[in-house]
Amino acid sequence: MNPEQIKNAILKLKDEHNAIILAHNYQREEIQLLADYIGDSLDLARYSAKVDASLILFCGVDFMAETAAILNPKKTVLIPDPEARCPMAAQLPAQLVREAKREHPGAAVVLYVNTLAEARAEADVTCTSANAPLIVNALDEEEILFGPDRNLAWFVQQRSDKKIIPLPDRGYCYVHRMFSPADIMLLKERYPDAEVLVHPECDPEVQNLASHICSTSQMLLRAKASPAKRFIIVTEVGLVDRLRREFPDKEFIPALETAVCKQMKKHTLEKLYLALRDKKHVVRVPPNIATKARAATERMLEISGRATHD
Ligand code: SF4
């Protein structure tokens with residue numbers, strides 16, 4: 001089948017199975033174009049919780065698909081390529097969280113949703129890069145075990161008086177650590193009129209050069225609201241496709257063309273088709289883990305929803 005035929009076959013199967021396709025902002029452009037909904041982790045978590053479909057084809061990495069499965073216990077969640085695993089999430093096994101809790105009995109555990117379900121089940125509440133400071137500051141505890149991204153922990157520490165303890169010591173996203181301050185300085189010199197939008201998983205030295213530090217959904221909002229005509233985008237390049245599509249009258253410069261998340265790009269149209277056709281690669285989370293992880297995720301949705309509506 002050629003790409004157009006695969007696309008049509010996917011749409012037909014989607015109708016037959018009463019399915020919906022969700023895609024993260026870092027997905028390949030052809031997948032974004034086919035998706036019913038595109039977003040960051042929080043958007044996708046919220047959307048999957050209210051979606052009316054019997055089957056969810058989730059185009060993102062493992063921990064995100066787990067979130068969709070946790071929030072939709074009555075729906076079937078498929079992932080086109082089960083090898084789409086986030087290496088940062090893998091840096092925080094549940095055992096490490098249990099040990100840290102024993103060492104810091106008075107601390108709250110706040111885990112970024114970029115964490116596998118088994119570890120997330122040990123959390124009091126989860127967060128995303130868009131709402132991490134809000135979640136931490138809403139808690140009563142003064143000491144916070146925060147993982148797995150050390151740079152996001154640093155970002156939160158700049159916005160909170162609480163003591164933030166990174167967990168593990170040096171968790172990181174290899175894509176966001178590709179950006180160097182020297183590269184960003186060069187781009188700023190070349191495009192002095194551009195706003196620099198930096199993701200909080202980048203190193204502190206890079207965050208310090210930002211006009212705004214934003215999650216991917218916040219970058220979209222900023223691009224829309226800002227009077228600027230030019231933006232330097234310091235995150236995975238997949239978001240640049242979406243920004244260019246949605247704001248054709250503005251210019252978006254990727255800070256680094258090679259900032260590509262190989263795991264996000266594992267999904268292809270052909271794999272989407274095969275997963276839907278064979279209803280394969282079902283995402284399963286054991287019920288005892290799902291119940292605890294759901295409570296942590298729902299607490300996040302409740303706190304962030306409350307803030308949105310206050
Ligand atoms: S961009 Fe980083 S955090 Fe996101 S899935 Fe890829 S490796 Fe994981």
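Author: Happy to! A word on the basis: this is a predicted model, in which local features need pLDDT of at least 70 and side-chain atom pairs count only at pLDDT 80 or more, while totals for chains, interfaces and linings use all residues. Residues are numbered from 1 along each chain as its sequence is written, and side-chain values use heavy atoms, leaving out hydrogens and water.

The chain is divided into domain 1 (3–84 + 264–284), domain 2 (88–172 + 289–309) and domain 3 (176–254); such bounds come from an automatic or database assignment. Taken over C-alpha atoms, the centres of domain 1 and domain 3 lie 27 Å apart. Where the two meet, 10 residues of domain 1 are in contact with 13 of domain 3, contact meaning heavy atoms within 4.5 Å. About 940 Å² is buried between them, with carbon and sulfur atoms giving 42%. N25, Y26 and E29 account for 53% of what domain 1 buries against domain 3, more than any other three residues. (Buried area is the accessible area, with a 1.4 Å probe, that two parts lose on being put together, summed over both.)

E29 also has a charged partner: it forms a salt bridge with R245, with the closest N and O atoms 3.0 Å apart. Two salt bridges are counted between domain 1 and domain 3, each a side-chain nitrogen of Lys or Arg within 4 Å of a carboxyl oxygen of Asp or Glu. There are also 10 residue pairs in polar contact between these domains, both residues at pLDDT 80 or more. A polar contact is a pair of N or O atoms within 3.5 Å; within protein, one must be able to donate a hydrogen and the other to accept it, and residues adjacent in sequence count only if both atoms are side-chain atoms.

On the domain 1 side, α2 (29–34) and β2 (37–39) each supply at least two residues. The largest share, three residues, comes from α2. Helices (H or I, at least four residues) and strands (E, at least two) are DSSP runs, numbered from the N terminus.
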